[in-house]
Amino acid sequence: MDRRLWASAALNVVITLAELVGGLLSGSLALLSDAAHNFSDVAAVALALWARRLSRRPPTPHHTYGFKRAEVLAALANAVLLIGVSVVIAREALERLLYPTPVQQGLMLAVALVALAANVGSVLLLRRHEKDDVNVRSAFLHMAQDALASLAVVAAALLAHTPVGLYVDPAAALIVVFAVLRSGLSLVWETLSTLLEGAPPDVSLEALLDDVTTAFPGATLHHLHFWQNGPGQRLLTAHVVVSEALDGRAIECLFAEIKVFLHDRWGVAHATLEPEVTGCGETKILASWDEERSP
Ligand SMILES: [Zn+2]
Ligand SMILES: [Zn+2]
């Protein structure tokens with residue numbers, strides 16, 4: 001899969017260079033904004049590949065979780081970059097709306113068409129593996145959005161010589177920037193949630209508890225923690241009250257079943273369960289830090 005991501009990055013380098021030169025020569029801000037956007041895409045893919053390599057390194061005595069969080073940090077850095085680029089271009093576009101500058105239509109259209117073709121190529125490249133991997137899926141969605149942005153630039157080029165032509169170029173730039181800003185902000189939100197030990201966004205803790213309680217009526221969970229180390233690596237810890245009648249071996253069997261259940265139905269890669277018979281005094285689902293400090 002990495003090879004496809006590399007190929008998509010290489011395509012993006014070509015688009016970026018073509019749009020940068022074409023944008024400067026034709027005076028089209030829409031092209032330049034798309035160039036900046038595609039450049040940030042290259043950075044994103046390079047960052048993702050580097051982070052993925054790092055995240056595959058096994059845990060060490062000092063980093064017992066391994067390096068999965070590197071992917072989250074890389075995504076956050078990328079999002080900040082995207083937002084920075086968007087703000088610069090949006091400012092320029094607003095200025096152009098006030099003081100319109102003519103663009104060179106032929107060159108702009110040619111480059112925009114090349115960019116559109118390359119973006120569509122990228123989409124096709126990533127489409128086949130779209131469902132396998134959340135990173136590839138997000139890259140795919142992103143490329144699809146890029147193809148739409150390129151289409152907007154093509155439309156702006158076609159309209160360049162109409163009476164509204166002077167305003168279409170910065171307007172298209174704003175549309176491109178708006179899309180980038182939106183994905184940048186949602187990426188910041190998502191990564192910050194992970195860094196704040198948030199539960200996976202698509203999971204409701206109540207639903208998970210209901211599910212476990214229904215499947216294992218003999219086990220009552222409290223003091224639950226549920227978080228993710230990085231994309232696709234979910235962790236859970238809980239206290240579990242079990243019947244006094246169970247011996248150690250029976251508890252081990254029960255917990256093994258619960259762990260398989262959590263893995264298969266809720267994607268929990270790493271569950272740590274603490275058995276209790278009389279109970280630790282806590283009954284709430286969520287732990288409170290004060291209680292945790294006492295023995
Ligand atoms: Zn993009
Ligand atoms: Zn407890």
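In this predicted model, His239 is buried, its relative accessible area being 10%, where buried stands for under 20% relative accessible area, exposed for over 50% and partly exposed for the range in between (1.4 Å probe, protein chains only). The model is a prediction in which local features need pLDDT of at least 70 and side-chain atom pairs count only at pLDDT 80 or more, whereas totals for chains, interfaces and linings use all residues. Residues are numbered from 1 along each chain as its sequence is written, chains are lettered from A and ligands numbered from 1 in the order in which they are written, and side-chain values use heavy atoms, with hydrogens and water left out.

Distant parts of the chain are linked by the pair of His239 in strand β2 and Glu276 in strand β3, which are 37 residues apart; helices (H or I, at least four residues) and strands (E, at least two) are DSSP runs, numbered from the N terminus. Glu276 counts as buried at 7% relative accessibility, while Cys280 is partly exposed, with a relative accessible area of 42%. Cys253 is likewise partly exposed, at 49%, and the count of disulfides, taken as pairs of cysteine sulfur atoms within 2.5 Å, comes to zero.

Strand β1 (residues 220-230) holds His223, a buried residue with a relative accessible area of 7%. The side chains of His223 and His225 are joined by a polar contact of 3.4 Å, that is, a pair of N or O atoms within 3.5 Å of which, within protein, one must be able to donate a hydrogen and the other to accept it, residues adjacent in sequence counting only if both atoms are side-chain atoms.

In helix α7, the buried residues are Leu208, Leu209, Asp211 and Val212. These lie on the same side of α7 because they cover an arc of only 160° around the axis, the arc being that of the directions from the helix axis to the C-beta atoms. They pack against β1, β2 and α8, whereas the face turned away from the buried side carries the exposed residues Glu206, Asp210 and Thr214.

Elsewhere, helix α1 (residues 2-26) contains Asn12, which is buried at a relative accessible area of 0%. Leaving aside residues up to four places away in sequence, Asn12 touches Asn38, Asp41, Val42, Asn119, Ser122 and Met143, contact meaning heavy atoms within 4.5 Å.
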